[in-house]
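Here's a quick briefing to read with the structure open beside you.

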Amino acid sequence: MAFADANELLCQIERIGVDAERGGYSRPVFSEPEMELRRWFMRHAERRGLELETDGNGIIWAWWDPAGLGRDGAIATGSHLDSVPGGGNFDGPLGVASALAAVDVLVGRGVKPARALAVAVFPEEEGSRFGIACLGSRLATGVSDPATVHGLTDARGITYDEAARGAGFDPSLIGPDPERLAALGAFVELHVEQGRGLIDLDRPVALAGGIIAHGRWHVRIDGRGDHAGATRMADRQDPVVVAARVIESLREQTLAIDEARGTVGRVQVTPGGTNVIASAVDLWLDVRHRGDAEVRTIVAGVTAAAVAAAEAEGCTVTVTEQSFSPTVDFDAELRDAMASALPGAPVLDTGAGHDAGVLSEVVPSGMLFVRNPSGASHTPAEHAEPADVAAGVVALADVLEHLLTR
Ligand code: GLV
Ligand code: MN
Ligand code: MN
Ligand code: MN
C-alpha cells in the first residue's frame, strides 16, 4: 500500500489552524487545531502499523519495531506540531511528516533494523501558549519543574493543568521520564531551516552543528492608571514610558555585542485604552547569542536600564527568567555517524531552539535542516520546495538506516 509522502502530508494539514486574523497558522498546544494535528498524526502512524503511546508529558511516541526488539537503544526522530501565533506550516510539521515518510522509505528499502525506531511529537515546542519553549522535552528531561508548570497560565488566564485536562490529558503525570529517555540511543530532528544558510550554499540539506544560547524573560512594569486628558504630564506614573526604554535598551545592549539577538515580540498593555494611561505593562524579552555569558550580560544591562527608568517614572519593575537554554554543541560522534550517511553535507549552526537541543543533555542528539527559500520563519513566508522536502526525507532515511543497522 502506498502512503501519503511528506509533501502530501503537509498539504493535508494546510487548512488546520489557519489564523484568518493574523495570517498563517496559530496552533497553540492543547488547542483544537493542535489536537486535530495530533489525531492526524496518529491516524497516519496507525496506518503504517506503528504502535502508539502518549506519555505523561503529552509526547506522542509511534514505534516502528518490526522485529520486536524492544526499546533498548532505540533511535527516535520527529518534531512538533504546535506553532507560534501566525506562523508557517513547516516549523515542526516538516519534521513530523518527514519522519513518517522516512519510515516508508526504510520499509520500501527492506531495511532490517537492529533496534527500534520511534517517531516522536513534542508538545509546546514554541512555548507560545505557556511561555516556556520546548516544554514537553524540558519536563521529560527534568529541566522544568512540574510544580512550576502546573500553575503556568496562558494569555487568557487558563492554567496549564486546566488546558491539559480540557484536552484529555492528566496533568498530575507530568515530570521527569529518565527511564524512557535513557533507553534511547539517539534522537534526530529534521527541521525547516530558519535562516539563509542553505540558500547561500545552494544546497538542499545540512547537518546541525549547534544551537546558540537563548532565553526568555518576563518584564512586568506597574504604574498608575489615569485619565489621558486630565492628568498633567508631571503627575504621571506611566509604565508604557518605562516599557519604551526597556525595548530601546535591549536594542542598544544587543547591538553592542557582535552576533547577539534581542527581541521584544509581545507587549501587553493593561487596560489598553487609547485615552487611558496604562496601569501596567507586561513584555517579554527573547535574547540569544552563541555564548551563555553574553546573553546574561545583555539581560543584566536591560534590567539595570529598566530599574532606572522605572524609578524615574515612579513605577516598579520586575524581570523574571522564564527559561534559559545554554549553548548546545550536538554530539560529535552522532554527527560523524550522520555525516557518514550524508557525505559532504554542510554543517550549520542555528539561532532557533529545538527539542533536540533540550534532549541533547541526556540523549545523543542531532538535526537535519532543509532549505527554506524565503529564509524566513515564524511567519507564513516560511517554506520548503517539494523537491527539497523529498531530499530531506531521503537524507533522514539514510541517516536512520545507518543508525538503525549499526
Ligand atoms: C523556537 O522556534 C525558537 O527558537 O524560539
Ligand atoms: Mn520548530
Ligand atoms: Mn519555531
Ligand atoms: Mn523551535
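Two residues are in contact if their C-beta atoms, placed from the backbone, lie within 7 Å. Keep that in mind for what follows, and remember that you're looking at a predicted model.

**The binding site**

- An unreviewed UniProt entry puts a "binding site" at His80, Asp91 and His191.
- These three span 112 residues in sequence, yet no two of their C-alpha atoms are more than 9.7 Å apart, so they gather at one spot.

**A closer look at Asp91**

- You'll find Asp91 in the loop between β3 and α3.
- Is Asp91 buried or exposed? Asp91 has 26 C-beta neighbours inside 10 Å, so it counts as buried; the cut-off for that is 20 or more.
- Skipping its neighbours within four places in sequence, Asp91 is in contact with Ser83, Val192, Ser377, His378 and Glu382.

**A closer look at His80**

- His80 sits in strand β3, which covers residues 74–80.
- His80 counts as buried too, because it has 29 C-beta neighbours inside 10 Å.
- If you again leave out neighbours within four places in sequence, the contacts of His80 are Gly92, Val121, Phe122, Glu125 and Asp355.

**Helices α9 and α10**

- To describe two packed helices, you give the angle between their axes and the distance between the axes.
- Helix α9 (residues 239–255) and helix α10 (residues 292–313) have axes that come within 9 Å and cross at roughly 155°.
- Angles over 145 degrees count as roughly antiparallel, so that's the label for α9 and α10.
- Their crossing is right-handed.
- On the α9 side, the contact includes Val241, Val242 and Arg245, while α10 brings in residues including Ile298, Gly301 and Val302.
- Sorted by class, the α9–α10 contact has 10 nonpolar, 4 polar and 2 charged residues.

**Helices α3 and α13**

- Helix α3 (93–109) packs against helix α13 (residues 386–404) at an angle of about 60°, with the axes 8 Å apart.
- How do α3 and α13 lie to each other? That angle makes α3 and α13 oblique to each other.
- The crossing of α3 and α13 is right-handed.
- Among the residues making this contact are Leu94, Ser98 and Ala99 of α3, and Val389, Gly392 and Val393 of α13.
- The contact of α3 with α13 splits into 12 nonpolar, 2 polar and 2 charged residues.

Methods. Residues numbered from 1 in each chain as written. Chains lettered and ligands numbered in written order. Predicted model: local features only at pLDDT ≥ 70, side-chain atom pairs only at ≥ 80, totals over all residues. UniProt positions renumbered as here; feature names shortened; annotations may be inferred. Helix = DSSP H or I, 4+ residues; strand = E, 2+ residues; numbered from the N terminus. Buried ≥ 20, exposed ≤ 12 C-beta atoms within 10 Å, placed from the backbone. Axes fitted to C-alpha atoms, helices over the stretch in contact; angles between N-to-C directions. Parallel < 35°, antiparallel > 145°, perpendicular 65-115°, else oblique. Left-handed = near helix turned anticlockwise from the far one by under 90°. Nonpolar A, V, L, I, M, F, W, Y, C, P; charged D, E, K, R; others polar.
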